[in-house]
Amino acid sequence: MSIDAGSKTADLRKEFSDPSGQKLTTDTGVPIEDTDNSLKVGARGPTLLEDFHLREKIMRFDHERIPERVVHARGAAAHGYFQAYESLAELTRAKVFQDPSKKTPVFVRFSTVAGSRGSADTARDVRGFAVKFYTEEGNWDLVGNNIPVFFIQDGIKFPDIIHAAKPEPHNEIPQAATAHDSFWDFVSLVPETAHMIMWAMSDRGIPRSYRMMDGFGVHTFRFVNAQGVSRFVKFHWKPLLGVHSLVWDESQKLAGKDADYHRRDLWEAIEKGHFPEWELAVQIIEEADADTLGIELLDSTKLVPEELVPLRRVGKLVLDRNPTNYFAETEQVAFCTANVVPGIDFTDDPLLHARNFSYLDTQLTRLGGPNFNQLPINRPLAPTHNNQHDGFQRHSIPAGKANYSPNSLGGGCPFLASQEQGGYRHFPQKVTGEKIRKRADSFQDHFSQAGLFFRSMSKPEQEHIIQALQFELGKVEREEVRKRVVEQILANIDATLVQEVAEGLGLPVPKATPVKGKIDTSPALSMENQKKDSIKTRRIGVLLADGFDAADLQNTKAAIEKAGGELVLIAKRLGTVKGSDGKAVKVDKSAVTTGSFEYDAVFVPGGAASVAALKKEGDALHFVQEAYRHCKALGVTKEGAELLKAAGLSTSAPGVVADGQDFGAKFIAAIAQHRHWDRHDKEHVPA
Ligand code: HDD
């Protein structure tokens, strides 16, 4: 048999040399001569069953998919490291927190919860923030979210909340959205969801980037030190780029124009060397103080306000390497809340206990058997020795006759690890009680922290929550469900909230009976109070046509890049545009492939011919109007201001920076603010 030398594929193949010397082989290592033609009897004859290469290739293709995760199916991940700032020996014996000179490798996967693997990144949803630390004493998985609380208090309700949130069973509609009857029906009947609903409907539900969101371990865990002293701990990840969000209109448009917006953002940042960073912070609560705190630490629908227990920043997470292969790493990674190391232990949070079972169990179906920890991405760096040898997809080949314990045939191996040798010992917590299906009275307050969150928001943040609820409940078809959410949930949270949502839905406004706790507001909860000091990695869209002012572009580019931002040149079509100096610059994006929602700010340089051309382009006018409506920074130099005027926009509105002294510095300061919510008349601007 010879390669079909006449085919186009064969011609193309000849153009590539073979520098690696790596030949195509079957899975059993047999070199392959032709992978473009199946084995046939004559060139036009039937295909032969003996074509083992065809059969293997198709068989492998037929089985390429594994079941997607039942939740958090859509995600993106990266490698990196964690480094402690100082020894935490007084709090925990975990090795990962002992030596500040040591870097512990990590793999971090971000995700949405409700959508399928192919759904859009920017759906309104909670984001998963799962970190696998490959520590020297085994893997520690901190499987958290970008929201510090959860929908339910007991894991037995997890299938219910997820079934309600996922597409409805009869027609599988809608995808990656909670704006439908079954979700809100559940919410209306389960008041413990109230606090999490406030967070999910807030701007936290539509992050600007995975790189710009908080992470939380959610549950209360234990730190246990070498002396066996236990303290309660809550984990927080704080992004060094600050916490920023999209607006809802942008999220929806991005879902159409770039459904991979978040995974692309993470990938590109790492490829460009802009490694995302977070600080790990802990809230430590002495066991003796737990009862007087006034917050049930075992209830995952509650947070501990930073004003009560401050955050202590204990180390840094850096993501510096993209995966080599999406499937092998991001898809096959298996996190489990039960993966803890000596020095980290559980509390009796009933949500956590159900999770400890669920994550181990789900991998059996998803990864085809019990050996998933042998997959390269899950394999610990710490050595493993045990008698669990068999099962589907065993990779390593255990030696020896003894696969039981105790044994003498294997010389007694593997031996047990004493405390001094780092053996894991569960914290000997005292427990007594009757076997009952019941929640403690301390789990019954469902509204005080929902109200705390809403009251702690800035005015614009509150408006966004109201608008999100009007959208979501507006999509609910059954009026009795809408009414129940308004009357049974929102009325117990806040008077303004319930009034505005009810009015937006055309429902009677019920009497508000907000439930208040000990703390009235927690300023730390508002995104407005997070740091806004940098434009690092921010993308600024530049609108250009032939004749743009080359000096304007050059000066702004220099200033923005010095501050760590990036200009993206946008014109009517791809190719080049000519500046006032006669030089051509390459266009990065054409108007048909992009939109203002892909950028953090907009810049329009001067140049009479360029601006005159832009004024006639509907896309350019729409671009600036949309950015204005989304409250982004707009910078204009010289004639650039005319484009804004032609679009009916004010050049003196907040966040609009017109030419003048210190233009670069003022524009940068405006971009760092991320949004300028107090922009007048924005509701009247088309977008
Ligand atoms: Fe979960 C995946 C986060 C409650 C059952 N969950 C999963 C992932 C994250 C979370 C980030 C994706 C991990 C990855 O990237 O592979 N889940 C949470 C948080 C919760 C939570 C922060 C509440 C504090 N989860 C929760 C409960 C249960 C589960 C109560 C079941 C009783 N979660 C699962 C699961 C998943 C999962 C079904 C799907 C895929 C997987 O585990 O590996 O077992």
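Ser 610 belongs to helix 15, which covers residues 608-615 in this predicted model. Because its relative accessibility is 0%, Ser 610 counts as buried; the cut-off for that class is under 20% relative accessible area. The surroundings of Ser 610 can be named residue by residue. When neighbours within four places in sequence are set aside, Ser 610 is in contact with Leu 544, Ala 545, Asp 546, Gly 547 and Phe 548.

Attention may now turn to the nonpolar cores. The largest nonpolar core contains 54 residues, and the members that touch the most other members are Trp 184, Met 198, Leu 469, Leu 490, Ile 493 and Leu 497. Several helices each supply at least two residues of this core: helix 3 (158-165), helix 4 (181-189), helix 5 (194-201), helix 10 (448-456), helix 11 (459-474), helix 12 (479-489) and helix 13 (495-504). Among the contributors, helix 5 gives the most, with 7 residues.

Another core lies apart from the largest one; it has 37 residues, including Ala 84, Leu 91, Val 106 and Val 314.

The ligand remains to be described. Its iron atom has a single donor from the protein, the OH atom of Tyr 359, at a distance of 1.8 Å. Tyr 359 itself is located in helix 9, which comprises residues 350-366.

How values were computed: Residues are numbered from 1 along each chain as its sequence is written. This is a predicted model: local features need pLDDT of at least 70, side-chain atom pairs count only at pLDDT 80 or more; totals for chains, interfaces and linings use all residues. Side-chain values use heavy atoms; hydrogens and water are left out. Donors are N, O and S atoms within 2.8 Å of the metal (3.2 Å for Na, K and Ca); water is not among the atoms, so sites may look incomplete. Helices (H or I, at least four residues) and strands (E, at least two) are DSSP runs, numbered from the N terminus. A nonpolar core is a set of buried Ala, Val, Leu, Ile, Met, Phe, Trp, Tyr and Cys residues joined through side-chain atoms within 4.5 Å. Buried means under 20% relative accessible area, exposed over 50%, partly exposed in between (1.4 Å probe, protein chains only). Contact means heavy atoms within 4.5 Å.
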